Structure formats: C-alpha cells, structure tokens
Amino acid sequence: MKKYLFIIMALLSVLSCEAYWERQAMKNYESPFKGNWVATYTGDEEGTFILEVGNSGSIFGTRNTDDYLGGKVLETGALLGLTSPTTGFMIQGNLITKAGNWKIGELSGSWTIEKQ
C-alpha cells in the first residue's frame, strides 16, 4: 500500500511541476503581432478600423468612432472572435497575410491591414 501511495505522490508532484512551468511560459508569452494595426475595409460599406494587439495576443479595436471590437490573435496570425458586441461587425482573416473578410448583417466585404 505504501508503495502505491509513493508512486501516486511522485506522479502528482511531476504533474504539478509541469503545470507550473506551463503557467510560467504563458505569463512570459509575447505575441509577435503586438502593436497597433490600421485596416481599410471595402465592399458593401467602406471605412477603417484600428486594432491594438496586446502582449498576450488579446485585441481591442475600434471601427468608426463608436463601435468597439474585441477578440484574440493566435500564433498563426488567425483572428479569433473579433466581433463588435453592439453592431455585430465581424472580422475574419489573418495578420500574417494582412487580409480577410468582414460581415455585418447582410453586408460584407474584404479588408487589408498594416502594422503601424
């Protein structure tokens, strides 16, 4: 019985240590896309939106002056969940290719972006 308890305790301490180092790596992560980006969108509507990518890859953005966007950029450059909660303006695309599509209701189009 003591032998099994020792094995279980050893496994738990190894797993706990591994989880600690994973948390440390996440804490020290810096997105390669960190910074300010300005996009131009065209199609059924035209305009600009600005994205600010944070250290962890989280995104805060604005479209026009009163529409706010929130989401995340993955390490692959793919934008995840970049949508305005007030208007439903949704952006899909990639910061590596610097392009994508947008949609709001029945309106849609494409966009291009540059890092400032």
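## W111 and F49

W111 is buried, at a relative accessible area of 1%; buried stands for under 20% relative accessible area, exposed for over 50%, and partly exposed for what lies in between, with a 1.4 Å probe and protein chains only. F49 is buried too, with a relative accessible area of 1%. The model is predicted: local features need pLDDT of at least 70, side-chain atom pairs count only at pLDDT 80 or more, and totals for chains, interfaces and linings use all residues. Residues are numbered from 1 along each chain as its sequence is written, and side-chain values use heavy atoms, leaving out hydrogens and water.

## Aromatic pairs

The whole structure holds seven aromatic pairs. Rings of Phe, Tyr and Trp (its six-membered ring) pair if their centres lie within 6.5 Å; planes under 30 degrees apart are stacked, over 60 edge-to-face, the rest tilted. The F49 and W111 ring centres are 5.8 Å apart with planes at 75°, so this pair is edge-to-face. It links distant parts of the chain: F49 sits in strand β2 and W111 in strand β8, 62 residues apart. Strands (E, at least two residues) are DSSP runs, numbered from the N terminus.

Ring pairs join Y41, F49, F89, W102 and W111 into a cluster. R63 lies over the face of F89, 4.1 Å from the ring centre. For such a placement, NZ of Lys or CZ of Arg must be within 6 Å of the ring centre and within 35 degrees of the ring normal.

## Nonpolar core

The largest nonpolar core has 19 residues, and F49 and W111 have the most contacts inside it. The elements giving two or more residues to this core are β1 (35-43), β2 (47-53), β4 (67-73), β5 (79-83), β7 (99-104) and β8 (107-115). A core of this kind is a set of buried Ala, Val, Leu, Ile, Met, Phe, Trp, Tyr and Cys residues joined through side-chain atoms within 4.5 Å.

G47, F49, L51 and V53 form the covered one, while T48, I50 and E52 form the uncovered one.

## Barrel and pairing

Eight strands form a closed barrel, in the order β1-β2-β3-β4-β5-β6-β7-β8, with antiparallel pairing. Two strands pair if DSSP finds at least two bridges between them.

β1 and β8 pair in the antiparallel sense over seven bridges. Here G43 has G109 of β8 as its bridge partner. A hairpin through three residues joins β1 to β2.

β2 pairs with strand β3 (residues 58-63) in the antiparallel sense over five bridges. The bridge partner of F49 in β3 is R63. Four residues lie between β2 and β3 in their hairpin, and G57 in the turn has a positive phi of about 100°.

β7 and β8 are antiparallel partners over six bridges. In β8, W111 is the bridge partner of G100. This hairpin has two residues between its strands, and G105 in the turn has a positive phi of about 60°.

## Strand β6 and N94

Strand β6 (residues 90-94) pairs with β7 in the antiparallel sense over five bridges. M90 stands opposite K103 in β7.

N94 is also in strand β6. Why does N94 count as buried? Its relative accessibility is 17%. Not counting residues up to four places away in sequence, N94 touches T76, G77, A78, A99 and W111; contact here is heavy atoms within 4.5 Å.
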